[in-house]
Amino acid sequence: MTDTATYSISLTTNFDEWERYNVFMMGSCRAADGSDNGFIHLISKGATNGNSFTPSPAARRRLQLDTTACVGFDLYIYIVANTLPASRIISQCPPFEVQVTISNGANEVYAKSHTVNQWGGSTIYIEFPKE
């Protein structure tokens with residue numbers, strides 16, 4: 001692939017306790033010759049009120065990260081719990097899903113749901129395009 005484009009990467013979820021998580025998105029963009037041509041990153045911090053956290057559906061975050069002009073990129077998304085779940089009973093804290101979409105203008109080129117453990121968080125790696 002040698003076409004250069006700018007991509008938008010977004011992460012969304014309908015999980016009510018989403019505010020409990022810190023999210024770090026970072027990666028490197030590739031030029032047509034295969035060399036790195038830019039570093040992209042985003043940091044979004046969640047609630048800091050520890051054990052007194054209460055879910056707030058109104059506090060959902062939609063995160064978006066835009067690349068520089070590139071032919072592809074490697075992206076790491078780290079989702080890290082910053083507070084404990086509302087319940088301390090493990091069976092009441094099932095994994096939840098986040099949706100990652102990548103678009104080039106109006107064209108959606110990647111869309112996938114990823115599962116996140118409420119206690120351990122998640123690491124998501126995306127190589128785009130997959131070689």
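Which residue in strand 7 is the bridge partner of Val98? The partner is His114.

This is a predicted model, in which local features need pLDDT of at least 70, side-chain atom pairs count only at pLDDT 80 or more, and totals for chains, interfaces and linings use all residues. Residues are numbered from 1 along each chain as its sequence is written, and side-chain values use heavy atoms, with hydrogens and water left out.

**Strands and sheet**

Strands are DSSP runs of E, at least two residues long, numbered from the N terminus. Two of them pair if DSSP finds at least two bridges between them. Strand 6 and strand 7 (residues 107-116) run antiparallel and are joined by 9 bridges. Their hairpin has 2 residues between the strands. There, Gly105 takes a positive phi near 65 degrees. Strand 6 also pairs with strand 1 (residues 8-12), again antiparallel, over 5 bridges. In that pairing Ser10 stands opposite Thr101 of strand 6.

An open sheet of 4 strands has the order 3-2-5-8, and its pairing is antiparallel. Strand 3 (36-44) and strand 8 (122-128) are its edges, each pairing on one side only. The twist averages 10 degrees from one strand to the next; axes are lines fitted to C-alpha atoms, and angles run from 0 to 180 degrees between N-to-C directions. Strand 2 (residues 21-30) meets strand 3 over 8 antiparallel bridges. Cys29 faces Gly38 in strand 3.

**Salt bridges**

Side chains of opposite charge can pair when their charged atoms come close. The criterion for a salt bridge is a side-chain nitrogen of Lys or Arg within 4 Å of a carboxyl oxygen of Asp or Glu. The whole structure holds 2.

| Salt bridge | Closest N and O atoms |
|---|---|
| Glu17 and Arg20 | 2.8 Å |
| Arg30 and Asp74 | 3.1 Å |

Arg30 lies in strand 2 and Asp74 in strand 5, so this pair ties together parts 44 residues apart in sequence. Both Arg30 and Asp74 are buried. Buried means under 20% relative accessible area, exposed over 50%, and partly exposed in between (1.4 Å probe, protein chains only). Glu17 is buried at 11% relative accessible area. Arg20 is buried at 0%.

**A surface patch**

Leu84, Ile90 and Trp119 form a nonpolar patch on the surface, together about 290 Å² of accessible area. Areas come from the Shrake-Rupley method with a 1.4 Å probe; for residues, only the protein chains shown count as cover. Patch residues have over 30% relative accessible area and no salt bridge; nonpolar side chains (Val, Leu, Ile, Met, Phe, Trp, Tyr) are joined within 5 Å, like charges within 9 Å. Ile90 sits in the loop between strand 5 (72-81) and strand 6 (96-104). Ile90 is exposed, at 61% relative accessible area.
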